[in-house]
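Welcome! Take a moment to look over the sequence and the model below, and then we can walk through them together.

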Amino acid sequence: MKSAKSALVLALGLGACAAPPQTQQPLVQWEEAQPEEKSEAFQALERAVAAAYEREQAMAERVRQLEAANAQLRQALRTLQSQSRVLSARLDSLPRRVKPPRVAANTSTPATTRADMTASVGKSDAFNMYQGALAYYRQEQYDRALVEFDRLLQEAPMSEWSDNAQYWKGECYYGLRKYQQALIEFTKVFAFSNTDKADDAQLKIARCHIVLGERDRALAALRKLLDEYPDSEYVSTARDKIKQLGG
C-alpha cells in the first residue's frame with residue numbers, strides 16, 4: 001500500500017514537469033499580434049504622407065498660378081511704359097509754339113509775322129550745327145556733342161537732320177555708359193516718320209538691354225529688328241547676337 005502511494009506521487013510529479021508552463025501562451029499570442037499592429041501603423045503613416053504630398057502639390061500649383069499672373073502684369077506694365085516713352089518722344093519732337101507778345105490797348109503797332117515770333121534756322125545753319133555736333137562725338141567729347149545735338153533739336157526740330165541728331169544723342173549717352181538714358185534716347189528715334197535710323201536705333205536698344213543684363217528684353221528687341229526690318233544691314237548681326245544669348 002505504501003509503495004502504491006509512492007508510485008502515484010512519483011507519476012503526478014513527472015506529469016507536472018512534462019506539462020508546459022501556462023504563462024507562455026499569452027507571450028505567443030502577443031508576438032502573433034505584433035505584425036498586424038505594425039501594418040496598421042504603417043498604413044496610417046502612408047496615408048499621412050499621401051495627404052501631405054497632396055497639400056504640397058496644391059500649394060505648388062497655386063504658386064505657379066500666381067507667378068504666371070505676376071508675369072502677365074509685368075508684361076502689361078512694360079508695354080504701358082514703352083507706349084509712354086514713345087508718346088513722350090513724339091511730344092518732344094513737335095515744334096514748340098511761341099506765344100505772341102501782348103499788345104497794349106489803343107496802340108498802333110505794325111503787324112508781326114510768324115517768322116518774327118519764332119526762331120528760324122536756315123537749312124545750311126541746321127546742317128552746320130549737325131556736322132559740328134557730330135565732330136564732337138567723333139572726338140569722344142560726348143558732353144559737348146550732347147549740347148550741340150540738343151541745340152539743333154530745339155532750334156530746328158523738323159529739319160532733315162533732326163532724327164539723326166536724336167539717334168546720336170543715344171550714342172553719346174552710350175559712350176558715357178549711361179545705358180538707361182541711352183535706351184530712352186534711342187526709343188525717341190521712332191517718333192520721326194520716315195527716318196533712316198530706325199534699324200540702327202533698334203539694334204542699339206538691344207545692345208543697351210544686353211549691357212544692362214536684361215537678356216529677355218534684348219532677345220525681344222533683336223527679334224523685332226528681324227521682323228520689322230528684314231532688309232536691314234544688321235540682320236546677320238542680330239542673328240549672331242540671338243545665338244550668343246541662347247535664344
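## The chain at a glance

Of the chain's 247 residues, 26% count as buried. Please keep in mind that this is a predicted model. Its secondary structure comes to 10 helices and zero strands, so the pattern read along the sequence is α-α-α-α-α-α-α-α-α-α. Among contacts with a separation of 6 or more, residues 24 or more positions apart account for 50%.

Which residues of H5 are buried? They are Tyr142, Ala145, Leu146, Glu148, Phe149, Leu152 and Leu153. The buried residues of H5 pack against helix H4 (123-138) and helix H6 (162-175).

## The nonpolar core

The largest nonpolar core has 38 residues. Those with the most contacts inside this core are Tyr130, Phe149, Leu152, Trp168, Cys172 and Phe186. At least two core residues come from each of H4, H5, H6, helix H7 (179-188), helix H8 (198-211), helix H9 (215-228) and helix H10 (235-244).

Setting aside neighbours within four places in sequence, Phe186 is in contact with Tyr167, Gly170, Glu171, Ala201, Lys204, Ile205 and Cys208.

## Where H6 meets H7

How do two of these helices sit against each other? H6 and H7 pack at an angle of about 170°, and their axes are 8 Å apart. Angles over 145 degrees count as roughly antiparallel, which is why H6 is described as roughly antiparallel to H7.

On the H6 side, the residues in this contact are Gln166, Tyr167, Lys169, Gly170, Glu171, Tyr173 and Tyr174. They meet Tyr179, Gln181, Ala182, Glu185, Phe186 and Lys188 in H7. By type, the residues of the contact divide into six nonpolar, three polar and four charged.

## A closer look at Tyr137

Not counting residues up to four places away in sequence, Tyr137 touches Tyr142, Ala145, Trp168, Glu171 and Cys172. Take Glu171 from that list: Tyr137 and Glu171 are 34 residues apart in sequence, and their C-alpha atoms are 8.5 Å apart in space.

How values were computed. Residues are numbered from 1 along each chain as its sequence is written. This is a predicted model: local features need pLDDT of at least 70, side-chain atom pairs count only at pLDDT 80 or more; totals for chains, interfaces and linings use all residues. Side-chain values use heavy atoms; hydrogens and water are left out. Buried means under 20% relative accessible area, exposed over 50%, partly exposed in between (1.4 Å probe, protein chains only). Helices (H or I, at least four residues) and strands (E, at least two) are DSSP runs, numbered from the N terminus. Contact means heavy atoms within 4.5 Å. A nonpolar core is a set of buried Ala, Val, Leu, Ile, Met, Phe, Trp, Tyr and Cys residues joined through side-chain atoms within 4.5 Å. Axes are lines fitted to C-alpha atoms, for helices over the stretch in contact, and angles run from 0 to 180 degrees between N-to-C directions. Angles under 35 degrees count as roughly parallel, over 145 as roughly antiparallel, 65 to 115 as roughly perpendicular and the rest as oblique. Ala, Val, Leu, Ile, Met, Phe, Trp, Tyr, Cys and Pro count as nonpolar, Asp, Glu, Lys and Arg as charged, and the others, Gly among them, as polar.
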